[in-house]
Amino acid sequence: MIRDGGCRLYVFDLLARKPPRTIGNKARGLRFLADKGFPVPRTHVCTWEAFEDHASGVPGVLDRIRNEFDRVLDPAKAYAVRSSANLEDSLEHSFAGQFETILSRRGPDEIVEAVRSIWSAVDTEPVRSYLGKTGRSLADLKMAIVVQEMVEPVLSGVSFSKNPITGLDEIVIEAVRGSGTALVQEGQTPYRWVEKWGGWIETPENSDIPLDFARRMADGTKSIARAA
């Protein structure tokens, strides 16, 4: 257990050292990508121990998080604050859309408020319902938080190494212009490409997004799948 002045630390640089086990699955996935040489924005993680301590009434948790982030954040940069629960982004369950992502936050005060917001949104009816379908309960859920430097979005989306609906060996890419919130939270219909065995079997109509973009995304997705 790492301590600072007698108190255990909650915030860790994901890439600077071997992270603790309490960083959640999204953070573990990001560390895997970085270790394999894929580009990952600079990332810090607030461990799920902070979530547990705050929930159990340990005093001063948010103040301690604020002080730790104050030492590591760049005041000139904006950050994305994202969930990294122990149960999400697993082979069995993705929890896609169940937890909050809060974008473009600056400074430790805004980061801590975003952390608190994500924590408070854990105990909701949709999350309880989703957990029930997986055979889990809120008691099984541990919420770490990923804080990443923002990348100014031109295109945002998701890419799957297998078709998420059929399970077929196809690369599926869905993207929108601008921020990914338009796709994930606002329900905007994305452009969609499907590649199978090196050829396109579906491309979007009336898209101004170059096909070369989709090709690069498909090739990158294959590279990550091979690395796994």
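Me: Which residue is the bridge partner of R82 in β6?
Reply: In this predicted model, R82 has T101 as its bridge partner in β6.

Me: And how do β5 and β6 run, and how many bridges join them?
Reply: The two strands are antiparallel, and three bridges join β5 to β6, which spans residues 101–105.

Me: Which way does β5 pair with β7, and over how many bridges?
Reply: That pairing is antiparallel as well and extends over seven bridges, with β7 covering residues 143–149.

Me: Which residue in β7 does A80 stand opposite?
Reply: A80 faces Q148 there.

Me: Changing topic to cavities. How many of 30 Å³ or more turn up in the whole structure?
Reply: The search of the whole structure finds one cavity of that size. The largest cavity holds about 30 Å³ of space.

Me: Which residues line the largest cavity?
Reply: Its lining consists of R42, T43, H44, V72, Y79, V147 and E149.

Me: Which elements give two or more residues to that lining?
Reply: They are β4, residues 43–46, and β7.

Me: On to the rings. How many aromatic pairs does the structure hold?
Reply: There are three aromatic pairs. One of them is formed by Y191 and W193, with 6.4 Å from centre to centre and 50 degrees between the planes.

Me: What is that pair of Y191 and W193 called, given the angle between the planes?
Reply: The pair is tilted. That class applies because planes under 30 degrees apart count as stacked and those over 60 as edge-to-face, with the rest tilted.

Me: Is Y191 buried or partly exposed?
Reply: Y191 is partly exposed, because its relative accessible area is 25%, and buried requires under 20%.

Me: What about W193, buried or exposed?
Reply: W193 has a relative accessible area of 1%, so W193 is buried.

Me: Which residues form the aromatic cluster with Y191?
Reply: Y191 belongs to one cluster together with W193 and F213.

Me: Last one: what lies over the face of W197?
Reply: K196 lies over that face, at 4.3 Å from the ring centre of W197.

Key. Residues numbered from 1 in each chain as written. Predicted model: local features only at pLDDT ≥ 70, side-chain atom pairs only at ≥ 80, totals over all residues. Heavy atoms only, no water. Pairing = 2+ DSSP bridges. Helix = DSSP H or I, 4+ residues; strand = E, 2+ residues; numbered from the N terminus. 1 Å grid on protein atoms, 1.4 Å probe; cavity = no way out; pocket = protein on both sides within 12 Å on 5 of 7 lines; lining within 4 Å. Points joined across faces, edges and corners; volume = space filled by probe spheres on them. Phe/Tyr/Trp six-rings, centres within 6.5 Å; stacked < 30°, edge-to-face > 60°. Buried < 20%, exposed > 50% of the residue type's maximum accessible area, 1.4 Å probe, protein only. Lys NZ or Arg CZ within 6 Å of the ring centre and 35° of its normal.
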